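Here is a quick walk through one protein model. Have a look at the sequence and the structure first, then read on.

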Amino acid sequence: MEIITITTEYIKLQDLLKLAAATGGEAKLLVQEGEVLVNGEVCTMRGKKLRPGDVVDALGQRYGVQYAD
């Protein structure tokens, strides 16, 4: 699992996908086509707020969200 570290209260799903090597357009299509799982469930909301402890499955990879120390 790749860890995405944030310094804000949350990160939007589309922004996490951009950090994970997708372009904005690719992120939009992945979410719209139901190819992204958030905590094991399909998520079609690009603006979904992800907080520490959330897990995203996309692009054949798993991403965890955590706060910076």
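Is L59 buried, partly exposed or exposed, going by relative accessibility? At 45%, L59 counts as partly exposed (buried is under 20% relative accessible area, exposed over 50%, partly exposed in between, with a 1.4 Å probe and protein chains only).

Before going further: this is a predicted model, where local features need pLDDT of at least 70, side-chain atom pairs count only at pLDDT 80 or more, and totals for chains, interfaces and linings use all residues. Residues are numbered from 1 along each chain as its sequence is written, and side-chain values use heavy atoms, leaving out hydrogens and water.

Strands here are DSSP E runs of at least two residues and helices are H or I runs of at least four, numbered from the N terminus.

Now the strands around L59. β6 and β7 form a hairpin with two residues between them, and L59 sits in that turn. The two pair antiparallel over four bridges (pairing takes at least two DSSP bridges), with V55 opposite G64. β7 also pairs with β1, in the parallel sense over five bridges, and there I6 stands opposite Y67.

I6 turns up again among the residues that I11 touches, which also include I4, L16 and V65 (contact means heavy atoms within 4.5 Å).

Key. Lists of a residue's contacts leave out its neighbours within four places in sequence.
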